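Please brief me on this model.

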Amino acid sequence: AFFVLCLLSAAFTPIYVGIVFLGFIPEHYCRSPGVAELRDRCGWNLVEELNYTVPQRETHGDTFTGQCKRYDVEWNTTELNCTNPLNFFTPETNVSSIPLIACQDGWLYDSPGSSIVSEFNLVCGDAWKLDLFQSCVNVGFFVGSISIGYMADRFGRKLCLLVTILINSVSGVLLAVAPSYSWAVAFRLIQGLVSKGGWLTGYILITEFVGLNYRRTVGIVYQVAFSVGLLVLAAIAYALPHWRWLQLTITLPNFFFLLYYWCLPESPRWLIAQRKSDKALKIIRRIAKGNHKKLPLSMENLHPEEEVGDKPRPSFLDLVRTPQIRKHTLILMYTW
């Protein structure tokens, strides 16, 4: 159980830091009408084209490298020479007198389609949309961690884990085939809403499987698995430089986690807290048998017929109900 949950922790990495590869900003410069024809006529390579047609100057401390501005000239003029075409547009030898305008015909990228930036043109005036893309994930983390944590207390760890895995997998595939930036942001937000909450649910589930002496160990190793996922993500991104194929590749393994329905038990501690001792005893006996241990006497004394009264209902007030819990809650809020 601990091993399969560590796989889940490693698979969470692409959502948490995937923006490094999905939102990679390639070298880019303004597309200027007529430059392609001039390049073909003059036989320029890429370096020569950039040197002759892309503005590079300093104005009030700012350096223009052609990423967001271009020369306001007509490159279709037949009188242009191939050794220094800009001299045709200015009587002076200083090209700084040639006016600059913002990109109006799109951009050229050194690696087109490699990221959402080059595919949806999230540069210059639209660069803020890349930040929004990642901010939506973080907003989803915040909302999902609170709401899914509550649902895990209310409906069970296993059910909540499986639902988040399913939603995360489907939204990840939809993100890989998103037809526009708006759809990509929407699917990314959905991933944020369920992925962090699912990761936390797995953390809770594994710590409730073991005794108090092992909780710190499994908690640390569970996060070490996340770090291993970082290494694997870097290797996959190196092999798949196109963002859509990368997104699809890192998402598809999540569907295998739906097999947890058959190989992962519910938390016995949660079942006992919900006064479902009969179901908890079945899981505890299975754990004891698998570990070649005898069932503790305290567990044998759990009887369903002793379950009386209403089932406890989780509440956010439980976080501050007692002085000890209140202290722990404040400490965790401060560290986060």
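UniProt positions are given in the numbering used here, feature names are shortened, and annotations may be inferred rather than shown by experiment. This is a predicted model: local features need pLDDT of at least 70, side-chain atom pairs count only at pLDDT 80 or more, and totals for chains, interfaces and linings use all residues. Residues are numbered from 1 along each chain as its sequence is written, and side-chain values use heavy atoms, with hydrogens and water left out.

- An unreviewed UniProt entry lists "transmembrane region" for residues 132–152, 159–179, 185–206, 218–239 and 245–264.
- Residues 159–179 are 86% helix and 0% strand, with end C-alpha atoms 32 Å apart.
- Residues 245–264 are 55% helix and 0% strand, and here the end C-alpha atoms are 30 Å apart.
- Helices (H or I, at least four residues) and strands (E, at least two) are DSSP runs, numbered from the N terminus.

**Nonpolar cores**

- A nonpolar core is a set of buried Ala, Val, Leu, Ile, Met, Phe, Trp, Tyr and Cys residues joined through side-chain atoms within 4.5 Å.
- Buried means under 20% relative accessible area, exposed over 50%, partly exposed in between (1.4 Å probe, protein chains only).
- The largest core has 25 residues; Ile116, Phe120, Leu122 and Phe133 touch the most other members.
- Two or more residues each come from H3 (19–22), strand S6 (107–109), H6 (116–120), H7 (128–155), H9 (181–209), H10 (212–239) and H11 (243–251).
- H9 gives the largest share of this core, 4 residues.
- Contact means heavy atoms within 4.5 Å.
- Leaving aside residues up to four places away in sequence, Phe120 touches Ala178, Pro179, Ser180, Tyr181, Ala184, Trp243 and Arg244.
- A second, separate core holds 22 residues, including Leu5, Ile15, Ile165 and Val218.

- The expected span of a helix is 1.5 Å times one less than its number of residues.
- H10 has 28 residues and should span 40 Å at 1.5 Å a residue; its end C-alpha atoms lie 42 Å apart, which agrees.
- Buried residues of H10 are Val218, Gly219, Tyr222, Ala225, Phe226, Gly229, Leu233 and Ala237.
- Their cover includes H1 (2–11), H2 (13–17), H3, H9 and H11.
- In H1, the buried residues are Val4, Leu5, Cys6, Leu8, Ser9 and Ala11.
- These pack against H2, H8 (157–176), H9, H10 and H12 (260–263).

**Ile283**

- Ile283 sits in H14 (residues 277–290).
- Its relative accessible area is 13%, so Ile283 is buried.
- Beyond residues up to four places away in sequence, Ile283 touches Pro265, Glu266, Pro268 and Leu271.
- Ser267 is 16 residues from Ile283 along the chain, and their C-alpha atoms are separated by 8.4 Å.
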